[in-house]
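Here is a friendly note to read beside the model. Take a look at the structure first, and then we can go through the charged side chains together.

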Amino acid sequence: QVQLIESGGGLVEPGGSLTLSCRAQGNLFNLHVMGWYRQAPGKQRELVASITAGGLITYEDSVKGRFTVSRDNPTNTVFLTANNLKPEDTAVYYCNQGGPYGAWGPGTQVTVSS
């Protein structure tokens, strides 16, 4: 059973940047699609970015040009670099493996505020 461990959340001012990391423990990381989702208060969880085993990447429209997803298979880690952060990016960010019915991390809070 895979365990996903996120890190890198926190408080950042509008226009700032941060990088989230998620390390997978316990399975064949390089065979799975990895994704970052987020859930803001009172809203549904949404897919922010995903990267397949072959490197195919998708982004939610509001983060295109600002966020970058990447993966490092030798260390079983997926990253989300967020630039030019906006208050509406405030949410709990979740690492995911294998899509909505796959494995989830516990989430990390990102707050964008001055």
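1. Let's start with a pair: Arg 38 and Glu 46 form a salt bridge, with N and O 2.7 Å apart. A salt bridge here is a side-chain nitrogen of Lys or Arg within 4 Å of a carboxyl oxygen of Asp or Glu. This is a predicted model, where local features need pLDDT of at least 70, side-chain atom pairs count only at pLDDT 80 or more, and totals for chains, interfaces and linings use all residues. Residues are numbered from 1 along each chain as its sequence is written, and side-chain values use heavy atoms, leaving out hydrogens and water.

2. How covered are these two partners? Arg 38 is buried at 6% relative accessibility, while Glu 46 is partly exposed at 29%. (Buried means under 20% relative accessible area, exposed over 50%, and partly exposed in between, with a 1.4 Å probe and protein chains only.)

3. Next, find Arg 66 and Asp 89, whose side chains meet in a salt bridge at 2.8 Å, N to O. Arg 66 sits in the loop between β6 (57-59) and β7 (67-72), and Asp 89 in the loop between β8 (77-82) and β9 (91-97), so the pair ties together parts 23 residues apart in sequence. Strands are DSSP runs of E, at least two residues, numbered from the N terminus. Both Arg 66 and Asp 89 are buried.

Technical notes. Helices (H or I, at least four residues) and strands (E, at least two) are DSSP runs, numbered from the N terminus.
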